[in-house]
Structures are given as C-alpha cells and as structure tokens.
Amino acid sequence: MPTTAPRIALIIPAHNEAESLPTVLRRVPSCISQVLVVDNGSTDDTGVLARAGGARVVREERLGYGSACLAGIAALQGEPPELVAFADADGSDNHPQLQLLAQTLAEENLDLVLAQRVPKNRAALSLQQRFGNGLATWFISLLWGGNYQDLGPMRLIRWSALQDLQMRDAGYGWTIEMQIKALQQGLRVREIPLLYLPRLAGQSKISRTLRGVVRAGSTILWIVAREAWHDRRQIGWRLYRRSRAAISASINAMAGALKM
C-alpha cells in the first residue's frame with residue numbers, strides 16, 4: 001500500500017535578507033509542505049518578499065538566530081507537522097537537498113539528519129567558521145562521545161524529538177545546543193556531506209565581523225559548559241574510563257615492545 005508522505009515544515013530565520021530570499025524560496029523542493037519565514041526584526045522588505053514568494057511569515061522582534069527558530073516552532077504548535085526543517089535565508093544552504101535529508105530520515109528511521117557543509121570554495125566558509133566548527137565538534141566528541149563534523153544550520157528533525165529537546169538558546173548557540181541535546185536524548189542522528197555555497201547577497205552578520213565571531217564563539221562555549229555541568233557525573237565517568245583504557249593500551253604496547 002502507498003504511504004502518505006510526512007508533512008514537513010521548513011523554518012527560515014531571516015534578518016534583512018530581501019536580496020537573497022526570493023531565490024531561496026524558489027529553490028525549496030516540493031517535499032516541503034509549508035515554508036515559514038521568521039522575519040527577525042528586518043528593516044528591509046524581507047517580510048513582504050517572503051509573502052510574495054508564498055511563505056507564511058512570522059514577525060519576531062527579538063534579534064537572535066535562536067529567537068527566530070523558537071518563534072517559528074511556536075507558530076507551528078497549533079497544527080504541528082511530522083517533521084521540521086531549518087535552513088538559512090542567505091542562499092548558502094543547498095535547499096534542494098532537503099529532499100535528500102527527508103529521504104534519508106525515512107529510509108534509515110532516523111530522528112535528526114544534519115547537512116555537513118562541504119564548501120564550494122573558500123568564500124563559502126570562512127577560516128573562523130572552520131576553526132570554530134572543529135573546536136566545537138572536538139569538545140562534543142570529548143564530552144559526549146558524538147562524531148559530528150559540523151554545526152551547519154540546515155537540518156531535519158522529527159517534531160516529537162524536537163519537543164523532547166526543549167530548545168531554549170536565543171542566539172548563536174542554537175545549532176550546537178540541538179546537537180548536544182540529541183546525544184543526551186539518544187536520538188538517531190546522521191550527518192550527510194552536502195555542497196555549501198557562498199551567500200547570494202549581502203554580508204554575514206556573524207562570520208565576517210569581529211563582533212559576530214566573538215559573540216558566536218563565546219555563546220557556543222557557554223552552551224558546551226552549561227550542558228557539561230548538567231551531565232558532569234556521566235562525563236566524569238566517561239573521561240575516567242577513557243583514561244584507563246588509554247593507560248592500559250600504553251602499558252600493553254610497552255610490554256609487547258619489551259618482549260621483542
């Protein structure tokens with residue numbers, strides 16, 4: 001018997017993205033049932049162009065990536081979809097590949113699928129972003145045992161799993177908070193390497209400014225510290241077991257060398 005495709009709502013946070021948003025909306029694949037653009041305090045025609053492109057628009061005056069995502073989730077509470085996708089409004093995310101995320105989630109019975117950014121060129125992902133991603137994912141691997149490679153914004157998650165995560169970060173820590181909590185909750189997660197493009201217009205509010213880099217970096221480290229404190233007992237035991245295993249392996253290697 002044919003199965004009914006799940007309803008997927010796509011949340012696009014947008015702050016002054018009027019130049020890129022029309023193209024972004026045209027790229028959204030047909031598997032998306034509803035597009036919700038969160039106009040995050042824009043002073044340009046972001047909201048007007050979003051409506052013209054067929055999207056539902058929610059206005060959120062509190063600036064912040066997490067604030068916009070939370071506003072989008074709140075707007076879906078009355079009639080929640082089965083799946084929720086998140087992607088940026090600047091055109092850098094590979095929006096047509098949301099179809100691949102949905103297909104992978106269904107075929108592998110996953111809870112969360114993440115797009116791992118593979119930059120098209122050096123302009124697509126700044127040196128600061130590469131360094132920050134590497135440091136943040138190293139911390140996650142050390143403390144929670146995950147194997148993430150990126151903190152990319154484009155992702156797809158089951159509505160029920162999203163509710164269980166109880167997301168609360170209002171700023172730049174949104175993506176890492178979700179990925180840490182996914183490990184805490186034992187969600188079935190997969191990353192898929194996807195081409196990542198240079199933004200269509202304008203300039204990044206985060207990676208291309210010193211203030212944005214500092215704020216994003218400090219927020220990410222704060223999220224790691226907050227969640228690590230919450231899980232301090234489990235993390236302590238995990239690190240203890242790792243250290244014992246490393247010491248045991250070193251002793252065995254030395255003993256083997258002495259026998260030669």
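## Salt bridges around D111

A salt bridge is a side-chain nitrogen of Lys or Arg within 4 Å of a carboxyl oxygen of Asp or Glu. In this predicted model, the side chains of D111 and R158 meet that description, with N and O 3.7 Å apart. The two residues belong to distant parts of the chain, 47 residues apart: D111 lies in the loop between α4 and β5, and R158 lies in strand β6. D111 counts as buried because its relative accessible area is 9%, and the cut-off for buried is under 20%. R158, with a relative accessible area of 23%, is partly exposed.

D111 also forms a salt bridge with R188, and here the closest N and O atoms are 2.8 Å apart. This pair again links distant parts of the chain, since R188 sits in the loop between α7 (174-184) and β7, 77 residues from D111. R188 has 37% relative accessibility and is therefore partly exposed.

## Other salt bridges

The count for the model comes to 13 salt bridges. One of them joins D90 to R199, with the closest N and O atoms 3.1 Å apart. D90 is in the loop between β4 and α4, whereas R199 is in the loop between β7 and α8 (210-230), and 109 residues separate them. D90 is classed as buried because its relative accessibility is 10%.

Salt bridges can also be joined into a network, as they are for E177, K181, R226 and E227.

Helix α4 spans residues 98-107, and its buried residues are L98, L101, A102, T104 and L105. Viewed down the helix axis, these buried residues fall within an arc of 165°, so they line one face of α4. An α-helix has 3.6 residues a turn, so residues three or four places apart point the same way.

On the face turned away from the buried side, α4 carries the exposed residues A106 and E107. Just after the helix, N109 takes a positive phi of about 50°.

## A nonpolar patch on the surface

Four residues, F131, L135, W138 and L221, form a nonpolar patch on the surface. Together they have about 440 Å² of accessible area. Helix α5 (residues 127-144) gives the most to this patch, contributing three residues. L135 is found in α5, and it counts as partly exposed because its relative accessibility is 33%.

Terms used: Residues numbered from 1 in each chain as written. Predicted model: local features only at pLDDT ≥ 70, side-chain atom pairs only at ≥ 80, totals over all residues. Heavy atoms only, no water. Patch = residues over 30% accessible without salt bridge, like charges linked within 9 Å, V, L, I, M, F, W, Y side chains within 5 Å. Areas by Shrake-Rupley, 256 points an atom, 1.4 Å probe, with all protein chains shown as cover. Helix = DSSP H or I, 4+ residues; strand = E, 2+ residues; numbered from the N terminus. Buried < 20%, exposed > 50% of the residue type's maximum accessible area, 1.4 Å probe, protein only. Arc of directions from axis to C-beta.
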